[in-house]
Amino acid sequence: MHEYSDFRSDTVTRPTESMKKAMAEAVVGDDVLGDDPTVQKLEAMSAERMGKEAALYTPSGTMANSIAVKAWTRELEEVIVEARAHIYNMESTHMTFISRVTPRSLQSNRGAMDPEEIERNIRMPSVHIPRTSLICVENTHNNWSGAVVPMDNLKAIREIADKHELMIHFDGARVFNASTASGIPVKEYAAIGDSLMFCLSKGLSAPVGSVLVGPKEFIAYARRVRKVLGGGLRQVGVLAAPGIVALTEMVGRLKEDHERAKKLALSLHEFPGISLNPDAVQTNIIIFGFDHPTLSIPEFLAKMKERRVLALATTGGIRFVVHKDIDDEDIDRAISAFRNFLAQ
Ligand SMILES: *Cc1c(COP(=O)(O)O)cnc(C)c1O
């Protein structure tokens, strides 16, 4: 049994034995000088997997998203984002800080923005107002409890983008979870975006890193932006090596996370004070409202911690994330802790 059942995030996943071995044995070079063969292999694999011309390894998903926005926009421009999007809420406003563009946020149906509303929010050319240049989509949608944004919706957004000559950046931090849940190949999701970012460091369990994919010229420019942001790393093959293992060995097991998350959601929604629709739990993230007569959310989470169950508060409630290092015993421990504190 794990010392703690850590549901805070899928970023807490520890590297597998096979990842550690790959790290120890990685053949490395200087990636800033362009000769780290392990990074080159990861980038080539990623581009191939996503059906894009080129790829760039980055230290984090936030950096990959920051680079994408910087590369697709100029000052005096505006970016359409979904109101709860990670890129808009959880990345410390790099749009304004780094790219000097303004976000325009739209409401959505569980992460799916209305294409007609997008079209209405594309700015008319005018000296007074910014020019709309980019749309960002996210799938699965983190703050919508890991919702899978439907392909029909994404295709409709792509049509609007094409009609108005806008770019799309796809935040695919968990695109492999989306693909696992929907059965749609990641390439089809990647085809929606001019660029796409995915994380190796979440459910895929690599210790560090994300990958940005897109056209060759875009990636060449992205490489320069990464350097300016301090993301040019030297013998980084030691980190790319577990990334390769993540892509080759870890995608197939994501469905286990989804099954366990569903099991947990089906139990939790029965407890008084918890508002959760288990049907809305499609992948590995469970977000629920919490309303208790005496316990605040921080107090409740502190009590859960005494029972060795870790989770985080989020806007509108509490969030549990299921991942490789959560097994059936962890699920049972969480359910029994809930029962202990909430059963009437
Ligand atoms: C985690 C995450 C990111 C950023 O990844 P970091 O590596 O933590 O910077 C971007 N988008 C989404 C949807 C995420 O969940």
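Searching the whole structure turns up 19 salt bridges. The model is a predicted one.

**The ligand and its shell**

- There are 14 residues around the ligand, and those that come nearest are G61, T62, D171, R174 and K202.
- T62 has a polar side-chain atom 2.6 Å from an oxygen atom of the ligand.
- R174 places a polar side-chain atom 2.8 Å from an oxygen atom of the ligand.
- For K202, a polar side-chain atom also lies 2.8 Å from a ligand oxygen atom.
- On its own the ligand has 380 Å² of accessible area, and the protein covers 86% of that area.
- Two or more residues of the shell come from each of the elements α3 (61-72) and β7 (195-199).
- The largest share of this shell, three residues, is given by α3.
- Sorted by class, the shell has six polar, five charged and three nonpolar residues.

**The largest pocket**

- The volume of the largest pocket is about 530 Å³.
- Its lining is made of 25 residues, and N142, N143, I287, T314 and R319 are the ones nearest the centre of the pocket.
- The elements α4 (86-89), β10 (285-290) and β12 (312-314) each give two or more residues to this lining.
- The largest share, three residues, comes from β10.
- By class, the lining of the largest pocket has 12 polar, eight nonpolar and five charged residues.

**The cavity**

- The structure has one cavity of 30 Å³ or more.
- The largest cavity has a volume of about 40 Å³.
- Residues A173, R174, F176, N177, C199, K202, G203, L204 and L254 line the largest cavity.
- Five of the lining residues of the largest cavity are nonpolar, two are polar and two are charged.

Technical notes:
Residues numbered from 1 in each chain as written. Predicted model: local features only at pLDDT ≥ 70, side-chain atom pairs only at ≥ 80, totals over all residues. Heavy atoms only, no water. 1 Å grid on protein atoms, 1.4 Å probe; cavity = no way out; pocket = protein on both sides within 12 Å on 5 of 7 lines; lining within 4 Å. Points joined across faces, edges and corners; volume = space filled by probe spheres on them. Nonpolar A, V, L, I, M, F, W, Y, C, P; charged D, E, K, R; others polar. Near = heavy atom within 4 Å. Polar contact = N/O pair within 3.5 Å; in protein donor to acceptor, adjacent residues only side chain to side chain. Areas by Shrake-Rupley, 256 points an atom, 1.4 Å probe, with all protein chains shown as cover. Helix = DSSP H or I, 4+ residues; strand = E, 2+ residues; numbered from the N terminus. Salt bridge = Lys/Arg side-chain N within 4 Å of Asp/Glu carboxyl O.
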